[in-house]
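Let's take a walk through this one, from the inside out. Have the coordinates open as you read.

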Amino acid sequence: MSTGCTIAVGGFQHETNTFAPHRATFDEFERADSWPALTRGEALFSAMDGLNIPISGFIDAAKTYDHRLYPLLWCSAEPSSFVTSDAYERIVDEFCDLLESADHLDAVYLDLHGAMVVEHFEDGEGEMLRRVREIVGDQIPVIVSLDLHANITDAMVEHASAITIFRTYPHLDMAETGARAYAMLDKILAGDDMIGAMRKIPFLFPLTSQCTDFEPCRSIYESLEAVVAETPGLSSIDFACGFPPADIAECGAALVVYGTDRAVVESTLDKLFQQVLDAEPEFENELLGPGEAVLQAIQLSGKKPVVLADAQDNPGAGGTSDTTGLLEALVDEGAQAAVLAILYDPEIAGQAHRAGEGATLDARLGGKSGFEGADPFHAQFRVEALGDGHFVYTGAMKLNSRAELGPMALLRVIDDHADVRVIVGSTRAQCLDLAIFRHLGVEPTEQKILAVKSTVHFRADFDPIAERTLVVAAPGAHPCRLVDLAYRNLRAGVRLEPMGPEH
Ligand SMILES: [Zn+2]
């Protein structure tokens with residue numbers, strides 16, 4: 001067990017959907033949203049304390065063993081299209097300046113996503129790690145934790161001493177992954193010569209097929225730790241499902257294996273690669289059209305709500321969070337006790353706040369983010385409740401994290417047949433926590449239909465209260481039928497979906 005080392009810690013997180021309309025600017029990394037704001041220096045320790053974020057888990061583990069932590073900076077922005085060159089260079093420059101100014105370092109830990117695409121680099125993390133390596137040299141361990149949606153690249157594996165990856169989707173184990181990164185670093189500091197190898201999976205599978213509560217991902221992830229436990233010379237195995245809406249050469253899932261024995265690392269990689277290939281026909285992707293989904297939800301609704309996942313307009317996967325296809329279907333089909341969240345429209349949220357509770361608005365809601373084919377939903381609305389967007393998440397994934405979502409409003413669609421309400425927000429944020437509904441005075445367990453702009457993360461908090469969950473393919477910038485995406489840069493020979501055609 002190593003003690004008393006100086007370890008630099010920091011993080012830079014973005015999941016890039018290159019098919020989405022909006023690019024991530026510096027300002028979006030700087031401000032708080034459903035994640036903490038950009039934090040530098042000592043403030044990083046209090047900002048991350050007790051949260052389900054990788055760096056929080058790493059810090060807790062490292063402090064237990066009396067290491068000195070040298071804080072760099074941490075920031076994230078809501079998933080979207082490319083990170084601007086300006087944002088990337090400013091943030092990475094600051095990282096590099098801080099690293100250069102450190103007197104002495106024994107190790108570096110970085111909390112990265114693994115699916116960042118920059119205007120001028122396909123592989124944001126690989127380039128950042130290359131620059132970090134240039135500063136710290138080859139002798140200092142650089143440990144990295146990544147998101148389950150990482151599109152792992154050769155450059156990341158080359159420049160990191162070891163990588164570990166979330167093993168749950170919904171991501172309940174983010175802090176745990178940070179702690180695991182510390183455990184890997186500890187082995188290196190104790191003298192283990194860590195040998196790593198990565199292999200890309202030759203087919204893509206959408207986020208709607210990646211949930212680790214269901215097969216085949218459940219079994220694949222369950223087998224990882226068992227294989228490590230029974231194989232001498234092996235330190236860790238990870239599997240990243242990848243983030244398919246990224247038009248880059250190295251898009252897609254990958255296995256990453258570390259150990260002290262190269263032959264064992266390679267043979268483990270062969271075995272697990274075959275396990276994933278064998279599971280290829282088991283990946284399901286059941287998507288319903290919005291009208292069909294709402295009709296089924298009306299039929300299924302009983303004592304508990306039916307949850308409709310507006311999977312393709314999930315802002316957590318780069319969706320604009322303002323498409324109105326599912327809202328329109330709820331109203332058209334005469335849904336009762338239905339609430340949709342969060343529809344991003346700062347203009348209408350502001351109007352609702354100025355008009356006040358009880359007021360009536362004639363508004364064109366949503367459809368303003370430039371996503372092709374998304375039109376505003378024009379109706380009369382009654383303002384039923386207002387919120388300031390400051391609340392604390394209560395679900396397991398983001399437990400105790402603060403939301404800073406700006407003005408929010410609960411609007412009722414005035415309609416003779418439908419009983420439909422919409423939670424309108426001023427910040428793009430995924431609807432993955434029941435606290436979002438309760439912030440606007442809506443008790444989710446008492447509704448018949450809950451429509452959430454989320455793909456999978458909502459399941460941790462919503463599945464336990466749901467009669468059934470249906471996944472909906474309404475318009476959105478995060479297409480879940482991957483054969484519909486116009487890839488240009490993807491490496492040749494990759495199957496665009498399980499058992500599907502090759503690119
Ligand atoms: Zn993820």
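How do the residues of the lining of the largest cavity divide into nonpolar, polar and charged? There are 13 nonpolar, 11 polar and 4 charged, where Ala, Val, Leu, Ile, Met, Phe, Trp, Tyr, Cys and Pro count as nonpolar, Asp, Glu, Lys and Arg as charged, and the others, Gly among them, as polar.

Before going further, a word on the source: this is a predicted model, where local features need pLDDT of at least 70, side-chain atom pairs count only at pLDDT 80 or more, and totals for chains, interfaces and linings use all residues. Residues are numbered from 1 along each chain as its sequence is written, and side-chain values use heavy atoms, with hydrogens and water left out.

Back to that cavity, meaning a set of points on a 1 Å grid over the protein atoms alone where a 1.4 Å probe fits but cannot get out, with lining residues having an atom within 4 Å of a point. The largest one holds about 370 Å³ of space, a volume being the space filled by probe spheres set on the points, which are joined across faces, edges and corners. Among its 28 lining residues, Trp-35, Pro-79, Asp-147, Gly-316 and His-457 are the closest to its centre.

Asp-147 turns up again at the zinc ion, which is coordinated by two Asp-147 OD atoms, His-149 (ND1) and His-171 (NE2) at 2.0 to 2.7 Å; donors are N, O and S atoms within 2.8 Å of the metal (3.2 Å for Na, K and Ca), and water is not among the atoms, so sites may look incomplete. Asp-147 and His-149 are both buried (under 20% relative accessible area, 1.4 Å probe, protein chains only).

Notes: Buried < 20%, exposed > 50% of the residue type's maximum accessible area, 1.4 Å probe, protein only. 1 Å grid on protein atoms, 1.4 Å probe; cavity = no way out; pocket = protein on both sides within 12 Å on 5 of 7 lines; lining within 4 Å.
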